[in-house]
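Below is a briefing on selected local features of one model. Please read it alongside the sequence and the structure.

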Amino acid sequence: MGNNIANADTTAYKKTQTSFNDLLTQSFNNQPSETKEKGRLTTPGIRQGTGAMISQSQLVLSQGALKTTDRNLDAAFTRDDQFFTVSVQEDNGINTRLTRDGAFYLSPNANDQMMLVTSAGHKVLDENGEPILVEGNIKDIKISENGLLMVDTEEYGEKSFGLGIVSVKKPQFLDRLGGNLLGLPKNFNALGVTEDDIMTALTGDSRNRAAVRQGSLESSNVDLSKEMTDLINVQRSYQFQSRAVTMADQMSGLVNGIR
């Protein structure tokens, strides 16, 4: 809830909805070796009584409102299941990540080329998974509805690049990585899914399914008034529970004081 409120103004941020279940007991397996449990008469593990636990934390992909910027390098999706692919340098190497933040910029490199990057400096990838590099003096830039970046230069004329776009079918398997980025899980075997089950790259004929609008940015899909209302409800519930515990403690003290 706090994360949603903090990112209410983040471009194309997708809110997280968390649900809870009642829980009577929770068991912790504190002894990994069963050989050391021989002769035990009670049930293995430690059971702790608790009131509730998180049952699911779900990414909500509903479409955010579009803001018109009239900037050539701004692009927003008009379908809620599509993401741009970007290359991100992380501690374990370079990885491909997903984002809906279409505020792009051109950054010069050492070879006198201009590279398409995000506002965080991550390389925007094309449909082949390669960075998008432009040579020459740029006269005009257009982004088509199906995600083609067309750059007109004085020296080389018009050249087009297919932006790397994927359609996500099972967003519940995506990991939120911070910085408005999402990534695929590492434990495909444990989850029983493959990369193709989670998302599909929009290349070839499927590129016509891409829905991009140039000169616009997508707002966050966080409803700030709802989040604030939920926050007040949680605060009131916590105060009520705290007072109930205090009263129970006072009653126990009163009972223990009777002689």
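Asn180 sits in the loop between β17 (175-178) and β18 (181-183); helices (H or I, at least four residues) and strands (E, at least two) are DSSP runs, numbered from the N terminus. This is a predicted model, in which local features need pLDDT of at least 70, side-chain atom pairs count only at pLDDT 80 or more, and totals for chains, interfaces and linings use all residues. Residues are numbered from 1 along each chain as its sequence is written, and side-chain values use heavy atoms, with hydrogens and water left out.

**Positive phi**

- Asn180 has a positive phi of about 65°, although it is not a glycine.
- Most residues other than glycine have a negative phi.
- Asn180 counts as buried because its relative accessible area is 19%; buried means under 20%, exposed over 50%, and partly exposed in between (1.4 Å probe, protein chains only).
- Asp70 is another non-glycine residue with a positive phi, near 55°.
- Asp70 belongs to the loop between β5 (66-68) and β6 (75-77).
- Asp70 has 67% relative accessibility, so it counts as exposed.

**A buried strand residue**

- Thr118 is part of strand β10 (residues 114-118).
- Its relative accessibility is 7%, so Thr118 counts as buried.
- Leaving out residues up to four places away in sequence, Thr118 touches Val86, Ala103, Phe104, Tyr105 and Val124; contact means heavy atoms within 4.5 Å.

**Nonpolar surface patch**

- Met1, Leu224, Met228, Leu231 and Val234 form a nonpolar patch on the surface.
- Together they have about 410 Å² of accessible area, computed by the Shrake-Rupley method with a 1.4 Å probe; for residues, only the protein chains shown count as cover.
- Patches are made of residues with over 30% relative accessible area and no salt bridge; like charges are joined within 9 Å, nonpolar side chains (Val, Leu, Ile, Met, Phe, Trp, Tyr) within 5 Å.
- Val234 lies in helix α4 (residues 224-256).
- With a relative accessible area of 46%, Val234 is partly exposed.

**Salt bridges**

- The whole structure holds 8 salt bridges, each a side-chain nitrogen of Lys or Arg within 4 Å of a carboxyl oxygen of Asp or Glu.
- Lys14 and Glu218 pair through their side chains at 2.6 Å, N to O.
- This pair links distant parts of the chain, 204 residues apart: Lys14 is in the loop between α1 (2-6) and β1 (16-22), and Glu218 is in strand β21 (residues 216-218).
- Both Lys14 and Glu218 are buried.
- Arg207 and Glu127 form a salt bridge through their side chains at 3.4 Å, N to O.
- Arg207 is in the loop between β19 (199-201) and β20 (212-214) and Glu127 in the loop between β11 (123-124) and β12 (133-134), so the pair ties together parts that are 80 residues apart in sequence.
- Arg207 is buried, with a relative accessible area of 6%, whereas Glu127 is partly exposed at 35%.
- Asp152 forms a salt bridge with Lys139, with the closest N and O atoms 3.9 Å apart.
- Asp152 is in strand β14 (residues 148-153) and Lys139 in strand β13 (residues 138-143), so this pair links distant parts of the chain, 13 residues apart.- Asp152 counts as partly exposed at 21% relative accessibility, whereas Lys139 counts as exposed at 55%.
- Salt bridges that share partners join Lys14, Arg100 and Glu218 into one network.
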